Amino acid sequence: MYRHGKEEIENVGRIVASGSWFRYYGSGSHCHAVETFEEKMSKYSGAKHILATSSCTGALISSLAAMGVGPKDEVIVPAYTFIATAAAVIAVGAVPVIAEIDETLTIDINDIRRKISPRTKAVVVVHMLGYPCNMDEIIKLAAEKKIMVLEDAAQSVGASYKGKTLGAIGDMGCCSLQWHKIISSGEGGCVLTNNESLYERAAIYHDDAHCFRGIDKGIPSFPGVNYRMSEIAGALACVQMDRLPGILADLRNVKKKIIASLVNIAPFKVAPSYDSDGDAGTTMTILAPSMVAAGSFKEKTGASSIFSNQGTNWHYYYHWDYILEKRSASGSGFPWKLGDWESPVKYSKDMCPATLDILSRSFNFGINPSASDSDVKAVADKILNGIKP
Ligand SMILES: Cc1ncc(COP(=O)(O)O)c(C=O)c1O
């Protein structure tokens with residue numbers, strides 16, 4: 001969360017004073033904060049349907065459930081993402097298949113193609129660190145292979161690809177409003193989709209499958225859980241939505257200024273992007289040309305590569321021990337085993353060598369949307385110092 005102020009305090013105070021803290025009904029002064037957030041997100045993103053949730057993990061699980069993903073299905077996820085992406089697949093009883101990333105730090109279309117099997121039901125593409133995925137190619141391949149596309153835009157709320165808001169391009173998309181994200185309601189998230197039936201099914205799943213849901217649309221209900229957003233979180237989300245365009249404009253502006261200062265940095269490079277104008281601008285990634293160069297950059301700057309940064313270790317598959325070892329809470333081996341059936345999917349620490357190579361040579365610098373010109377110069381100087389021969 002980058003910015004907050006008296007507007008958040010006032011809006012939360014308004015909801016608290018109303019005494020109506022539940023989204024679906026309340027007293028006479030019910031403020032409909034969650035609904036207002038959904039309307040604002042729909043207007044911003046262009047997605048017809050928005051479903052606010054208590055987290056992005058809940059949004060991902062509700063989306064996969066809406067798509068009908070379940071036992072014996074496979075879902076392709078990138079090797080570089082927060083573990084929640086893969087955990088959501090397991091939560092609906094499906095098997096995650098881990099695919100390589102490319103130098104944009106997003107999923108490699110060629111590895112998606114290689115990993116599609118007759119069991120593949122969907123691919124979750126993750127717009128990591130504000131960087132948009134290769135959406136045109138992904139959508140084309142998914143249509144050809146008849147698999148669904150779920151966008152995980154947890155770290156890229158409001159960013160875009162060729163003018164389209166991330167999360168609103170695939171069959172479904174998910175955003176996070178957890179505290180570390182671009183905008184926040186403390187914890188929170190939402191589902192974006194243009195497909196009414198998928199929206200209704202996600203709504204059914206996220207609301208304990210209340211039996212009234214879907215009836216008027218002819219959509220049968222099914223068991224679900226509770227991932228509803230509270231009105232208090234909705235109050236924060238509404239105000240944060242108003243801040244989103246300003247935050248993104250400032251992040252992108254600061255990032256552009258840093259990049260403009262990085263002249264003649266070859267053979268190092270700024271991580272390429274499938275849409276550098278749409279990029280959220282939260283992160284500046286520098287790619288070293290070799291492991292030796294990465295070692296020297298690390299020594300000169302004190303920065304850690306993504307691979308060696310222990311703080312982010314749940315962000316790439318190498319550390320997803322319970323998945324690599326196919327461990328489940330019950331000890332039954334589900335979703336990798338079910339009765340006599342056993343999934344052929346195999347995992348190992350070295351299964352995605354291209355990802356490990358890229359992450360070992362990549363250095364992330366977080367961007368502050370309120371950075372002054374001297375802050376910009378300090379980051380650029382640090383990077384330039386790191387690449388000096
Ligand atoms: C890529 C990605 N997906 C999903 C999540 C889960 O989001 P939440 O914490 O809102 O459940 C995160 C959160 O860090 C994330 O970074």
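Which residues are closest to the ligand? In this predicted model, the closest ones are Ser55, Cys56, Thr57, Phe82 and Ala154, and they belong to a set of 14 residues that surround the ligand. Two elements give two or more residues each to this shell, namely helix 3 (56–66) and helix 4 (84–91). Sorted by class, the shell around the ligand holds eight polar residues, five nonpolar ones and one that is charged.

Helix 3 and helix 4 also pack against each other, so they get a paragraph of their own. Their axes are 9 Å apart and meet at an angle of about 40°. As for handedness, the crossing of helix 3 with helix 4 is right-handed. On the helix 3 side, the contact is built from Cys56, Thr57, Leu60, Ile61 and Leu64; helix 4 answers with Ala84, Thr85, Ala88, Val89 and Ala91. Eight of the residues in this contact are nonpolar and two are polar, with no charged residue taking part.

Zooming out, the protein chain is split into two domains. Domain 1 covers residues 6–242, while domain 2 is made of two pieces, 244–314 and 353–387. The centres of domain 1 and domain 2, taken over C-alpha atoms, lie 27 Å from each other. Where the domains touch, 27 residues of domain 1 are in contact with 23 residues of domain 2. Strand 6 (160–161) and helix 8 each bring at least two residues to the domain 1 side of this meeting place. That side of domain 1 consists of 17 nonpolar, seven polar and three charged residues.

Running from residue 231 to 261, helix 8 crosses helix 12 (residues 373–387) at roughly 45°, and the two axes come within 9 Å. That angle makes helix 8 oblique to helix 12. This crossing, too, is right-handed. Which residues make the contact? From helix 8 come Val254, Lys257, Ile258 and Ser261, and from helix 12 come Val376, Val379 and Ala380. The contact of helix 8 with helix 12 counts five nonpolar residues, one polar residue and one charged residue.

A few spots in the backbone deserve a look as well. The peptide bond running from alanine 266 to proline 267 is cis, and its omega is near 10°. Proline 267 sits in the loop that links helix 8 to strand 10 (269–270). Another cis peptide bond joins phenylalanine 334 to proline 335, also with omega near 10°. Where is proline 335 placed? Proline 335 belongs to the loop between helix 10 (321–324) and strand 12 (337–338). Then there is leucine 105, which is not a glycine and yet has a positive phi of about 70°. Leucine 105 lies in the loop between strand 3 (95–99) and helix 5 (109–115).

How values were computed. Residues are numbered from 1 along each chain as its sequence is written. This is a predicted model: local features need pLDDT of at least 70, side-chain atom pairs count only at pLDDT 80 or more; totals for chains, interfaces and linings use all residues. A residue is near a molecule or strand if its C-beta atom, placed from the backbone, lies within 6 Å of it. Helices (H or I, at least four residues) and strands (E, at least two) are DSSP runs, numbered from the N terminus. Ala, Val, Leu, Ile, Met, Phe, Trp, Tyr, Cys and Pro count as nonpolar, Asp, Glu, Lys and Arg as charged, and the others, Gly among them, as polar. Axes are lines fitted to C-alpha atoms, for helices over the stretch in contact, and angles run from 0 to 180 degrees between N-to-C directions. Angles under 35 degrees count as roughly parallel, over 145 as roughly antiparallel, 65 to 115 as roughly perpendicular and the rest as oblique. A crossing is left-handed if the near helix is turned anticlockwise from the far one by less than a right angle, and right-handed if clockwise. Two residues are in contact if their C-beta atoms, placed from the backbone, lie within 7 Å. Domain bounds come from an automatic or database domain assignment.
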